[in-house]
Amino acid sequence: MTRLEVRGLTVRFGPVDAVTDVDLDLAAGTVTGLIGPNGAGKTTVIDALTGFVPVTSGRISVDGKAVERLPAHVRARLGLGRTFQSLELFEDLTVGENLLVAAEAAGGGADWAEGGAGLGGAADLLPAQLSNAQRRLVALTRAVAGRPTVLLLDEPAAGLDPAGRQALGVRLRRLADDGAAVLLVDHDLDLVLDVCDSVTVLDRGRVIAAGSPAALRADPAVQAAYFGMFSGGFRTAPVQDPPPNGLAAAAAAGATPALEIRGLSAGYGRTEVVHDVDLEVGAGEMVALLGRNGAGKTTTLLATAGALPRAATGEVRIAGASVPRGRPDVAARRGLACVPQERSLFTQLSVAENLRLAVAGGRRTVTAETERAVARFPALAGLLDRRAGLLSGGEQRMVAVARALARHPKVLLVDEMSLGLGPRVVDDLGRVLRSVAEDEGTGVLLVEQHLDVALALASRAYVMDRGRVVDEGPSAGFAVS
């Protein structure tokens, strides 16, 4: 039984053709993959199907009923459910309340919503108190709580570790077995090819291939679009020479580290998440912070940036200068910049305006920093006047990194660089970060789930488990399993 039928879907933003003449069929009991490089139009397809952007032309039918002219909430009532790349959780509601919003709208109740969460005692916590994996589980569970017949998932595996991705795959198959039609958009091709019954491939807004996972592995057009992704698995990072150990060189010269963390403990409310963390990043060095989801990596970055309450203890020093706890403004003035998981752009402002905010009040000119950003990321050249909210995930990540670098930081914190990105964009970002470290002397601390990416870029690594640093050393000493 076909749950969702799409014919000739076309979406334009002004003069830009984001999606052109896309056909899709989602049958009950199946999982269909929708893949393509960053900027291919995948999220725009989901937005158009669910009523978040207007359809220029084409037909969308849910269980035989035309919905392309209906508002988003009516489509949801007819059975269209979705998740978002940026999760879009209600941050001022608890986990249980987030789920109740969807469950009650669908005629369910508290027991059903909480039972489906699989989050143990997290029902009374706020989303900000959860790990990335838990937040993504809440987003998926909230979508399922609405009891959709068609479920559209936008990068649900982004930032998940191998165990989390495996659990997600099992859950998607169970949803299909229960009769839902599932559309999976994700850059984790191992997940897509293992879980999906069929896959549609987009490139520059058009369908370039569709068929079984086995057939697409050998399709030359798909291989070209993905820059070799299918040739040997998920190629997440280029082959590079071993990165230099900036800390060793700096220590030999008696230089002060760019970033020193001593005895850092921090958490949320009364819950301490990280305990007595010590780490250093040298000037001109890139260091990876590794660990399973929930290990405390993001909390460490937030506490380092001063974005957690003053209850955090320990000391953070930037180029030898101490940063008061809970003072992100002081950390920024000392020379720290941060690129968070959720890109935190001003979505209603243009790319150029986002960059302008980074240099406001400084000595650098907007024109110079804009030219610098375009030189690093040529793909931004034609996007400077476009609203940040209309960019693809990869384009938004480029803007977020460019904006952080516009401050010429001494220390750059990057949380999940490859989150939801295709290999071309990951390669570009990696090259920029290596250049910033080696050529400009910036100390870079990188949190990254894809170990091959992190270990190819970083000279050293720290490993966290249950909120503590449990190992450290040169990147070459850590194997990728």
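Helix H3 (residues 95-105) and helix H5 (residues 132-145) have axes that come within 7 Å and cross at roughly 25°. The two helices are therefore roughly parallel, a label for angles under 35 degrees. Their crossing is right-handed, which means the near helix is turned clockwise from the far one by less than a right angle.

This is a predicted model, in which local features need pLDDT of at least 70, side-chain atom pairs count only at pLDDT 80 or more, and totals for chains, interfaces and linings use all residues. Residues are numbered from 1 along each chain as its sequence is written, and side-chain values use heavy atoms, with hydrogens and water left out.

Helices are DSSP runs (H or I, at least four residues), numbered from the N terminus. Axes are lines fitted to C-alpha atoms over the stretch in contact, and angles run from 0 to 180 degrees between N-to-C directions.

Helix H15 (residues 393-405) has 13 residues. Of these 13, 13 are buried, that is, under 20% relative accessible area with a 1.4 Å probe, protein chains only. H15 packs with helix H16 (residues 423-440) at about 10°, their axes 10 Å apart. H15 is therefore roughly parallel to H16.

Contact means heavy atoms within 4.5 Å.

| Helix | Partner | Contact residues |
|---|---|---|
| H3 | H5 | Val95, Asn98, Leu99, Ala102, Ala103 |
| H5 | H3 | Val138, Thr141, Arg142, Ala145 |
| H15 | H16 | Gly394, Arg397, Met398, Val401, Leu405 |
| H16 | H15 | Val425, Asp428, Leu429, Val432, Leu433, Val436 |

Methods:
Parallel < 35°, antiparallel > 145°, perpendicular 65-115°, else oblique. Expected span 1.5 Å × (residues − 1). Buried < 20%, exposed > 50% of the residue type's maximum accessible area, 1.4 Å probe, protein only.
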